[in-house]
Every structure is written in structure tokens, then in C-alpha cells.
Amino acid sequence: KSPKIYVYELPSVYTVIPFGDRPLHQGIAERILTSGHRVLDGDSADYFYIPINIRMAPKAALEDMFKYIQDTWPFWNRKGGADHMIVITGDWGPCSLIQEDTSFCWPRTCRIPEMIKNMIVLH
């Protein structure tokens with residue numbers, strides 16, 4: 001069944017979802033896990049899903065998590081993260097990661113954080 005999606009098994013410090021946050025992140029993760037598209041062998045995967053609530057994570061934790069992925073698995077470096085997916089549940093998508101006040105951040109002028117600029121961002 002295609003596409004084949006590898007789901008990273010991350011330590012709970014990165015994956016715990018705070019109560020009351022938007023359910024999109026959890027819904028997409030559950031859908032991938034139960035859809036039949038998940039593969040356990042990353043070498044056979046078309047895409048890689050990072051199950052983190054990126055909207056609620058501090059920037060330092062995100063940087064640690066991306067470093068952990070790059071140091072633990074070889075898949076990131078194959079395409080520079082371009083085949084990796086994350087969910088950002090905030091209204092401003094990737095812009096919500098770079099500034100507290102998003103009132104002046106418009107999608108066409110937003111500076112996408114280096115760590116996610118090549119990734120597939122679902123929001």
C-alpha cells in the first residue's frame with residue numbers, strides 16, 4: 001500500500017500532548033498509525049512522520065528533537081528532511097514558531113525556521 005510512512009518512535013519528552021490543545025495533531029497521528037500505510041522499516045518508507053506537538057514545544061526542545069532524529073536515524077540526511085512530515089496546529093503555521101506576535105507575519109513574507117524549511121508541514 002502506498003505511500004509508505006515511517007513513524008519515528010521518539011522519547012515521551014518530545015511527544016506528550018498537553019491537555020486542551022487542538023486535536024489535529026493527535027488525529028493525524030492516529031490516522032497514520034491505523035491506515036495501513038505505516039511501515040516499520042524506514043528504508044522502505046516514502047515519507048517520515050515526526051509525531052510531535054510542535055506548536056506547544058519550546059524552540060530549544062525542537063532543536064534538540066531534530067538533532068536527536070538526525071543522530072539516531074539515517075533517514076533525514078537522504079533528502080535533507082524533504083520527505084519528513086510534521087503537524088503545526090497554530091493558525092499561523094510555521095510562522096508561529098518564530099515570533100510571539102504573529103500580527104505582522106504574513107505567509108509570503110514569513111521567515112521559515114531553518115529546521116523545518118524543507119519539510120512537509122501540515123496545518
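1. Let me begin with helix H3, residues 59-72. Its 14 residues, at 1.5 Å a residue, should span 20 Å, and the C-alpha atoms at its ends are 20 Å apart, which agrees. Please keep in mind throughout that this is a predicted model.

2. Which residues of H3 are buried? They are Leu62, Met65, Phe66 and Ile69. Looking down the axis of H3, you will find the buried residues within an arc of 95°, so they line one face of the helix. As for partners, the buried residues of H3 pack against helix H1 (12-15) and helix H4 (76-79).

3. On to the nonpolar cores. The largest nonpolar core contains 22 residues, and those with the most contacts inside it are Tyr6, Tyr8, Leu10, Ile50, Met65, Phe66 and Ile116. H3 provides the largest share of this core, with four residues. There is also a second, separate core of eight residues, which includes Ile5, Val7, Ile32 and Val87.

4. Methionine 65 touches Leu10, Tyr14, Ile50 and Ile52, once residues up to four places away in sequence are set aside. Isoleucine 69, also in helix H3, has a relative accessibility of 0% and therefore counts as buried, the limit being under 20%. Beyond its neighbours within four places in sequence, isoleucine 69 is in contact with Tyr8, Leu10 and Ile50.

5. Next, a strand residue. Methionine 85 is part of strand E4, residues 84-87. Is methionine 85 buried or exposed? Its relative accessibility is 10%, so methionine 85 counts as buried. Neighbours within four places in sequence aside, the contacts of methionine 85 are Ile5, Ile32, Tyr47, Phe48, Tyr49, Ile50, Met119 and Ile120. With isoleucine 120 there is a sequence separation of 35 residues, while the C-alpha atoms of methionine 85 and isoleucine 120 are 4.6 Å apart in space.

6. Histidine 37 deserves a look of its own. It sits in the loop between helix H2 (24-34) and strand E2 (38-39). Why does histidine 37 count as buried? Its relative accessible area is 17%, and buried means under 20%, so histidine 37 qualifies. The side chain of histidine 37 reaches the backbone oxygen of proline 3 at 2.8 Å. Apart from neighbours within four places in sequence, histidine 37 is in contact with Lys1, Ser2, Pro3, Lys4 and Ile5.

7. Finally, the chain as a whole. The protein chain has four helices and five strands, and from the N terminus on they run β-α-α-β-β-α-α-β-β. Of the contacts with a separation of 6 or more, 79% link residues 24 or more positions apart. Buried residues make up 40% of the 123 residues. The accessible surface comes to about 7400 Å², and carbon and sulfur atoms account for 53% of this surface.

Terms used: Residues are numbered from 1 along each chain as its sequence is written. This is a predicted model: local features need pLDDT of at least 70, side-chain atom pairs count only at pLDDT 80 or more; totals for chains, interfaces and linings use all residues. Side-chain values use heavy atoms; hydrogens and water are left out. Helices (H or I, at least four residues) and strands (E, at least two) are DSSP runs, numbered from the N terminus. Buried means under 20% relative accessible area, exposed over 50%, partly exposed in between (1.4 Å probe, protein chains only). Contact means heavy atoms within 4.5 Å. Accessible areas come from the Shrake-Rupley method with a 1.4 Å probe; for residues, only the protein chains shown count as cover. A polar contact is a pair of N or O atoms within 3.5 Å; within protein, one must be able to donate a hydrogen and the other to accept it, and residues adjacent in sequence count only if both atoms are side-chain atoms. The expected span of a helix is 1.5 Å times one less than its number of residues. The arc is that of the directions from the helix axis to the C-beta atoms. A nonpolar core is a set of buried Ala, Val, Leu, Ile, Met, Phe, Trp, Tyr and Cys residues joined through side-chain atoms within 4.5 Å.
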